Every structure is written in C-alpha cells, then in structure tokens.
Amino acid sequence: MSQVRAATTADIPELVRLRALLFERMEQDLGPPADGADWRKTCAEEFRVRLGEGTLGAFVVDGANGRLAACGIGLLDRRLPGPYTPTGRWGHISGMVTDPAHRRRGHARAIMHELLRWFRDQGVRRVELHATSDAEPLYRSLGFAEHPEHALTWRDAPR
C-alpha cells in the first residue's frame, strides 16, 4: 500500500520536477505548447503561496534519495454560488503524476483518494480535471465522467 502524505514547501522542487514530466506526457496528446517560456520558477512560487494560504492541496508518495515517486495537486476555486454548487467552491485536479520508475504500484489511486477527501473537507462537491489517455481509466473508476455541459476553451494567441 502506498504511504501518502501531505506535501510541504520542502517538496516544491520535486513537485515542479514531476509537473514537468506531466507536461512532457501531455505533449503526446496535445502537441507542443504554443509558448516555450520557462514556467518552473513561477510555478514554484505559486506552490509556495497557495500551500501557505490553503488553496492548494498536494499529496505525495516518497521515492528514494529525497525524490518523490508520485504527486497529486488539487486547487480550490471560488466561483459564484448557484443551484449546482451552492457554496461556490469548486475543485480542480491540476496534476497527477507518477515518476516512470514508480508506476503501476497504486500510488495515483491512493493519492486521488486523499485529494478527494481533502476536497470534501473543504466543502467542495464538484471536482474537474483534464485526463491524459493513460490516466482516464483510473479517473473513471473513481467516478469521474463527462459533464453534460459542453466545455469550451479560449486561448489568447502568442504575440
């Protein structure tokens, strides 16, 4: 069984490393990003801020030699309340990553259970995510499904 723990600010360099692995995998499904800007420093700072303010839940499984085997990151989002989300609190899974050397050991499933518990504790009843083709079966097994609202995305073109 995977030993899952809450991430701390000491884990930020590893959280950024694993996030980079996620984006490498996403390129297989989406193609290369439009902007090659280095996002790592900004991402590390955002981890620091959001961990401190409690709007980011990150759970990890330790690997060897100070490295993380896996991580899952959840973000709290506040939107206007409505009949489907009366608290206005939404959740977004913003990265579930397992280092290739540690895959197929149940780390992602164990982390997802902790993330969903964290969201429930925050009063969140709706959690969204974008899945790679590799991870989709895991998310579906945990109850994630297409939402009847058709999601559309707008992206500003690089200048």
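Is Arg104 buried or exposed? Arg104 is exposed, with a relative accessible area of 85%. The legends below cover this residue and several others in a predicted model.

Figure 1. The model is predicted. Along the principal axes, the C-alpha atoms fill a box of roughly 50 × 45 × 30 Å. Of the 159 residues, 40% are buried. Among contacts with a separation of 6 or more, 66% link residues 24 or more positions apart.

**Figure 2. The surface of the chain exposes about 10500 Å².** Carbon and sulfur atoms supply 52% of this area. The side chains include 23 positive and 21 negative ones. The centres of these two sets lie 3 Å apart.

**Figure 3. Glu14 is a buried residue of helix H1.** Helix H1 covers residues 12–30. The relative accessible area of Glu14 is 12%, so the residue falls under the 20% limit for buried. The side chain of Glu14 forms a polar contact of 2.9 Å with the side chain of Arg17. Beyond the neighbours within four places in sequence, Glu14 is in contact with Gly66, Arg67 and Leu68.

**Figure 4. Arg17 makes polar contacts with the side chains of Glu14 and Asp99.** Arg17 is found in helix H1. With a relative accessible area of 18%, Arg17 counts as buried because the limit is under 20%. The side-chain contact between Arg17 and Asp99 spans 2.8 Å. The one between Arg17 and Glu14 spans 2.9 Å. A polar atom of the Arg17 side chain also lies 3.2 Å from the backbone oxygen of Leu68. Which residues touch Arg17 once its neighbours within four places in sequence are left aside? They are Arg67, Leu68 and Asp99.

**Figure 5. Asn65 sits in the loop between strands S2 and S3.** Strand S2 spans 56–62, and strand S3 spans 68–78. Asn65 is not a glycine, yet its phi is positive, at about 55°. Asn65 has 79% relative accessibility, so it counts as exposed.

**Figure 6. Arg104 lies in the loop between strand S4 and helix H3.** Strand S4 covers 89–98, and helix H3 covers 107–121. Arg104 has a positive phi of about 65°, although it is not a glycine. The relative accessible area of Arg104 is 85%; the residue is therefore exposed, the cut-off being over 50%.

**Figure 7. Ala145 is found in the segment after helix H4.** Helix H4 spans 136–141. Is Ala145 buried or exposed? Ala145 counts as exposed, at 61% relative accessibility. Ala145 and Val61 are 84 residues apart along the chain. Their C-alpha atoms are separated by 26 Å.

How values were computed
Residues numbered from 1 in each chain as written. Predicted model: local features only at pLDDT ≥ 70, side-chain atom pairs only at ≥ 80, totals over all residues. Heavy atoms only, no water. Buried < 20%, exposed > 50% of the residue type's maximum accessible area, 1.4 Å probe, protein only. Contact = heavy atoms within 4.5 Å. Areas by Shrake-Rupley, 256 points an atom, 1.4 Å probe, with all protein chains shown as cover. Lys, Arg positive; Asp, Glu negative; His and termini not counted. Charge placed at Lys NZ, Arg CZ, Asp CG, Glu CD. Helix = DSSP H or I, 4+ residues; strand = E, 2+ residues; numbered from the N terminus. Polar contact = N/O pair within 3.5 Å; in protein donor to acceptor, adjacent residues only side chain to side chain.
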